[in-house]
Amino acid sequence: MRKRLVIGVLAAVVALLAGVVVATVAPKSPQAPKGSPAVGFTAWTWNVSGHRINGGATDNGLVEAAVKSIRKPGSAVDFASFNEICYGQYRRIRAELAGWNPDNTNYARFQEAVPADSTDLSGAPICRGEAFGKAVFSRHALGDAEYRTFEQESGIFYRSGDGVRHPVRNGVLCVPTADRPAMKFCSVHIGPISTRAKPYGYRQLIELDTLLDGFARAGETYMVAGDFNARQYYRRLDRFYDKDVVLPGRPDDEPNRGAHRELDDTDPVCAGYGEWTADGRSADGAAGREQDCGAKPKIDMIFVRTDRLASRDYSADAEPVPDCRKVRNGRTVPGSVVPCSDHRAVVGRATLLVDPPAAE
């Protein structure tokens, strides 16, 4: 049955509340005013699996691997996004990046998804008793952060210190730069469960899309990076990808309807997709499929608004997963070698039109 076309934000709200699958057309954002400067930015994002694989450790090589990747000569990273990071790991990385830009002391933000002193449902401590969530780091001084927790729960649970069961609350963390308040960098983590019976990830994507449309209508420029827990050809990402992006394996009568380009969608080998980012079985429980370039899924992405691109000369790369030492029963095992994460870090570059600060 052909889906009914509904235009506007009201459609997104109805879908969120009722769980009805509808199609939307991305609203047009105001064009950048003449004279808006073109500014180059590089974004970096990595789901580090700070608790599940690294057990909250700060002494197993994870911190050093992340900092080395961010500060790699030639990368010139402006913004860094971390998913699934423990607060202790965030604290160590914040200290290691203190000299990233010596003139910038306002460069880090953390958003909690699970509070300190929590356990998983088996009773095992999460992050060695510290908070669990996402983080943003910036080479530029940051303005006031906007912490948005999705209304839609993730379908994953933890127990607080008093033994009460709670849903893990996914969300998005957006921060403007202090010198260019119309430029925002956002870190997002979409929940992994999204089926017809439990469309949690789908509904969170609607919330994210609605938020980003609001930024665009306000004349703001943004980069949004993180773990979207969806492959490029999944229908729930149609609302993000620009209609001009051709996704291999998709029928011609199922075009995208979004307003974004993903910075690796021009990869010469994996055109339309970009390089794989999730090793083994992705969070949706499915192994690599024929449609996946490299037979492994890409679910970590960096999106920018198409009409804010100063040129189509953008790109991204997925980096090899570095080695860490294994963590067993809360202790780092000397001499052991394991992958630091089941995700690859992604670094993307784009030149964007950013409105200048309003004259005082």
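**Disulfides, a tryptophan and a sheet**

Author: The torsion about the S-S bond is about 90 degrees for C324 and C340, so this disulfide is right-handed. Before you dig in: this is a predicted model, where local features need pLDDT of at least 70 and side-chain atom pairs count only at pLDDT 80 or more, while totals for chains, interfaces and linings use all residues. Residues are numbered from 1 along each chain as its sequence is written, and side-chain values use heavy atoms, with hydrogens and water left out.

Reader: What makes C324 and C340 a disulfide?

Author: The sulfur atoms of C324 and C340 are 1.9 Å apart. A disulfide is called when two cysteine sulfur atoms are within 2.5 Å, so this pair qualifies.

Reader: Which parts of the chain does the pair of C324 and C340 link?

Author: Distant ones: C324 is in strand 14 (residues 323–324), and C340 is in the loop between strand 17 (338–339) and strand 18 (346–353), 16 residues apart. Strands here are DSSP runs of E, at least two residues, and helices are runs of H or I, at least four, all numbered from the N terminus.

Reader: Why is C324 called buried?

Author: Its relative accessible area is 3%. Buried means under 20%, exposed over 50% and partly exposed in between (1.4 Å probe, protein chains only), so C324 is buried. C340, at 0%, counts as buried too.

Reader: How many disulfides does the structure hold?

Author: Three. One of them joins C86 to C127, S to S 2.0 Å. That link is left-handed, with -70 degrees about the S-S bond. C86 sits in strand 2 (residues 79–86) and C127 in the loop between strand 3 (108–114) and strand 4 (132–138), 41 residues apart.

Reader: How do you know whether C127 is buried or exposed?

Author: C127 has 1% relative accessibility and so counts as buried. C86 is buried as well, with a relative accessible area of 1%.

Reader: What makes C174 and C186 a disulfide?

Author: Their sulfur atoms are 2.1 Å apart, and the link is right-handed at 115 degrees about the S-S bond. C174 lies in strand 8 (residues 171–176) and C186 in strand 9 (residues 183–189), so the pair ties together parts 12 residues apart in sequence.

Reader: On to the tryptophan. With which side chain does the side chain of W44 make a polar contact?

Author: With S69, at 2.8 Å. A polar contact needs N or O atoms within 3.5 Å; within protein, one must be able to donate a hydrogen and the other to accept it, and residues adjacent in sequence count only if both atoms are side-chain atoms. W44 lies in strand 1 (residues 38–47) and is buried at 0% relative accessible area. W44 and G348 are 304 residues apart in sequence, yet 6.4 Å apart in space, C-alpha to C-alpha.

Reader: Why do strand 5 and strand 11 stand at the edges?

Author: Six strands form an open, mixed sheet in the order 5-8-9-10-12-11. Strand 5 (146–149) and strand 11 (260–262) each have a single partner strand, so one side of each is left without a neighbour in the sheet.

Reader: What makes strand 11 and strand 12 a pair?

Author: Three bridges join strand 11 to strand 12 (residues 300–305), and they run antiparallel. Pairing takes at least two bridges found by DSSP, so these strands pair. H260 has R305 as its bridge partner in strand 12.
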